Amino acid sequence: MKVFLFCVIPFVLLFFSCSHVCVVQGRLLSISTKPDPKDAVATARWLISFNFWGVLSTISTDLDGAPFGNVVSFSDGLPNQGIGIPYFYLTTLDPTARHALKDARVSFTVSEYPLGTCGKIDPENPTCSKITLTGKLKLVDEKSEEAEFSRNALFSKHSEMMDWPEDHDFQFFKLEIEKIFLIDWFGGPKPITVEQYLHPKMNNHEFIL
C-alpha cells in the first residue's frame, strides 16, 4: 500500500499543479519562463500560446443584447508554432456560436492563473497577467487551408475534440483581433497594437506540447 501511494501521489501532484508542467488532454505542457513584464508583447503571446481555455463573451440575442460569457477551449497553432490568433471549435447548439453568427462582436479573456505561475496571489492582482482580445468571431471556410490549420491546431491541443458528435455540427471559428487589453504589472494596461502582437520583433517564449 505504501509503495502504491508513493507512486501515485507524485502523479496526482503533477496533474493538479501547473507551476512548471500542465496536463492537457493527457499530454504534458511544459511552461517556459514567464516573460519580463517590461516585454508586453512577449507576455501577451505567451498567455495565448500556453493557455488552453478562456472566457469568450458575445452579444446575446437571447438576453436583449446583454453580454454573455462562456468558457471555451482554444488554440493558436501547433506546438512551437503559435500565431497568436485564437481558434475555436463551436456548435450552434451552444449560445456562443449562435450569438456570433448574428453579431460577430466578441471579447476573449485569458488569465495567467490557470498556468500556476501566479503563486499564491489573487487572480485579480495586477502581477498575475491577464489579456482580453476584442474583435469579431468569424467562421473559418471549411474548404480553405485555414480550416486544416485550425483543425490541426485545436486537435493537437484538445484531442478529445476529435470524438465530439458529428451530428452536433461543430465548426471552426477564429477571432479577428481588433483591440488588445493586457495587464501584467502595476500601472495600468500596456499599450499593444495588433500589428505588434501579430508580428513581434522577437519572441523567445515558445512552448512545447
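These legends describe close-up views of a predicted model.

Local features are described only where pLDDT is at least 70 and side-chain atom pairs only at pLDDT 80 or more, whereas totals for chains, interfaces and linings use all residues. Residues are numbered from 1 along each chain as its sequence is written, and side-chain values use heavy atoms, with hydrogens and water left out.

**View 1. The salt bridge between glutamate 112 and lysine 34.** A salt bridge is a side-chain nitrogen of Lys or Arg within 4 Å of a carboxyl oxygen of Asp or Glu, and by this rule the count comes to 6 salt bridges. In the pair of glutamate 112 and lysine 34, the closest N and O atoms are 2.8 Å apart. The pair links distant parts of the chain, 78 residues apart, with glutamate 112 in the loop between strand E6 (105-111) and strand E7 (130-139), and lysine 34 in the loop between strand E2 (27-30) and helix H2 (40-50). Helices (H or I, at least four residues) and strands (E, at least two) are DSSP runs, numbered from the N terminus. Glutamate 112 counts as buried because its relative accessibility is 0%, while lysine 34, at 25%, is partly exposed; buried means under 20% relative accessible area, exposed over 50%, and partly exposed in between (1.4 Å probe, protein chains only).

**View 2. The salt bridge between glutamate 146 and lysine 174.** The two side chains meet at 3.0 Å, N to O. Glutamate 146 lies in helix H4 (residues 145-157) and lysine 174 in strand E8 (residues 171-183), so the pair ties together parts that are 28 residues apart in sequence. Glutamate 146 is partly exposed, with a relative accessibility of 26%, and lysine 174 is buried at 18%.

**View 3. The salt bridge between aspartate 184 and lysine 190.** Here the side chains meet at 2.6 Å, N to O, and aspartate 184 is buried, with a relative accessible area of 1%.

**View 4. The disulfide of cysteine 118 and cysteine 128.** A disulfide is a pair of cysteine sulfur atoms within 2.5 Å, and the count by this rule comes to 1 disulfide. The sulfur atoms of cysteine 118 and cysteine 128 are 2.0 Å apart, and the torsion about their S-S bond is about 80°, so the disulfide is right-handed. Both cysteine 118 and cysteine 128 lie in the loop between E6 and E7, so the pair ties together parts that are 10 residues apart in sequence. Cysteine 118 and cysteine 128 are both buried.
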